[in-house]
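Please read this short note alongside the sequence and the 3D view. The points are numbered so that each can be checked in turn.

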Amino acid sequence: MTKRLLFRNFAVLFWISGLTVASVIPVRSEPTVSAVRLGVHVDKTRIVIELSDRVDFRIFPMISPYRLVVDLPAMKWRAKPRLDFHRTGLVSGLRYGLFSSTASRIVLDLDMPARVKNSFILPPAGGKPYRLVLDIVKTSHINMTSNEQTSRHTVKPHVPPAREALLGPPGRKPDPMNFNKRVVVIDPGHGGVDPGAVTRNGILEKHVVLAAAKVFKKRLEQSGRYKVFLTRDRDVFVRLRDRIAFARSKNAELFVSLHADATKSRKVRGMSVYTLSERASDKEAAALAEKENKSDLIAGVDLSANSKEVTDILIDLAQRESMNESSRFASVLVDKMSGVGPLLPNSHRFAGFAVLKAPDVPSVLVELGFLSNERDARALLSGTHRTKVADALYRAVDEYFNPVE
Ligand SMILES: [Zn+2]
């Protein structure tokens with residue numbers, strides 16, 4: 001009893017002092033996700049998400065392929081990513097992370113049509129924090145399709161509108177302070193709900209390429225000759241077309257997308273540079289483009305909203321010239337990269353990467369190496385190697401803008 005009273009007094013004191021010190025601005029930190037678990041039962045698959053707070057959530061289905069999407073507010077994801085899913089029950093995969101600066105998303109890949117039968121938040125109990133519980137059961141294709149159509153009309157995505165339409169007017173005038181600086185946009189691939197390539201020991205492409213992008217940006221800025229922007233500077237999902245729109249809005253003169261691949265054969269290693277082409281230079285390049293283009297699909301983005309025909313024609317007109325420039329940059333880059341580490345044979349390749357489709361910005365995609373290869377992975381995680389890569393990229397950019405005659 002005394003203890004309780006004491007505690008109460010202390011709490012009151014704390015509350016009063018808190019009021020005087022903590023000023024008027026209420027600070028509310030983002031809720032934290034501490035664990036995500038999945039349990040297979042006879043009649044359902046249950047997913048439990050442990051949270052530090054009660055949150056609003058919204059669930060909707062997507063078909064081709066079958067997925068269930070859970071939208072949540074922005075949260076800190078402390079939970080260890082569990083991306084290697086055993087095929088037990090209905091759910092074959094689960095991804096989660098920041099989807100934009102104000103929203104998080106969980107995407108469940110399904111082996112067959114399914115729906116959420118029950119969803120609720122349990123208050124803290126038995127040493128456990130708040131828990132969001134989802135019970136998933138089998139349904140029919142017809143049922144799932146009609147649910148998807150209903151949700152398409154009623155569910156407004158949490159996502160902020162695209163920063164600029166793909167072919168809208170180019171953005172702001174160049175900053176007078178940076179009048180003589182060339183504008184380079186670096187695009188770290190993937191992010192947030194889309195991890196990109198994943199290795200057996202849990203290395204995620206999205207982290208590796210973000211780290212590389214930051215060092216590259218710093219190197220360019222140190223020269224004093226470049227104004228550099230990143231399409232993302234943290235672990236957040238960005239749609240492919242928003243990456244392009246971002247580059248255009250910044251009046252980018254060069255767009256460099258950074259990736260790291262993974263393949264079944266652990267022996268394959270080396271860097272490679274890609275530029276856009278309707279026809280891929282080989283089967284592997286085509287397969288790689290297909291994999292990278294899946295980014296939006298993985299994050300559960302509705303692709304049906306794109307008015308494809310019109311943009312395709314306009315892009316084609318503007319693209320021819322920037323494609324030549326992209327190729328020129330790619331060959332300089334291959335030359336500089338050869339001093340850093342092994343390159344894949346035919347290191348400059350062509351393929352239909354969605355992220356390279358800015359009509360008027362010369363764009364290349366660099367695969368920095370293979371996370372599935374031990375030596376490449378070790379290099380990609382090393383700071384020394386990162387600096388060497390950044391330096392080679394920087395020298396290529398310099399030579400591209402000031403060609404040696
Ligand atoms: Zn990638």
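Is E205 buried or exposed?

1. E205 is buried, with a relative accessible area of 2%, where buried means under 20% relative accessible area, exposed over 50% and partly exposed in between, for a 1.4 Å probe and protein chains only. H190 is likewise buried, at 5%.

2. This is a predicted model, in which local features need pLDDT of at least 70 and side-chain atom pairs count only at pLDDT 80 or more, while totals for chains, interfaces and linings use all residues. Residues are numbered from 1 along each chain as its sequence is written, and side-chain values use heavy atoms, with hydrogens and water left out.

3. H190, in the loop between strand 10 (182-188) and helix 3 (205-222), and E205, in helix 3, are 15 residues apart; helices (H or I, at least four residues) and strands (E, at least two) are DSSP runs, numbered from the N terminus.

4. A cis peptide bond, with omega about -10°, joins S64 and P65, and P65 lies in the loop between strand 3 (58-62) and strand 4 (67-73). S64, although not a glycine, has a positive phi of about 40°, and S64 is exposed, with a relative accessible area of 62%.

5. N346, in strand 14 (residues 343-351), also has a positive phi, near 50°, and N346 is exposed at 61%.
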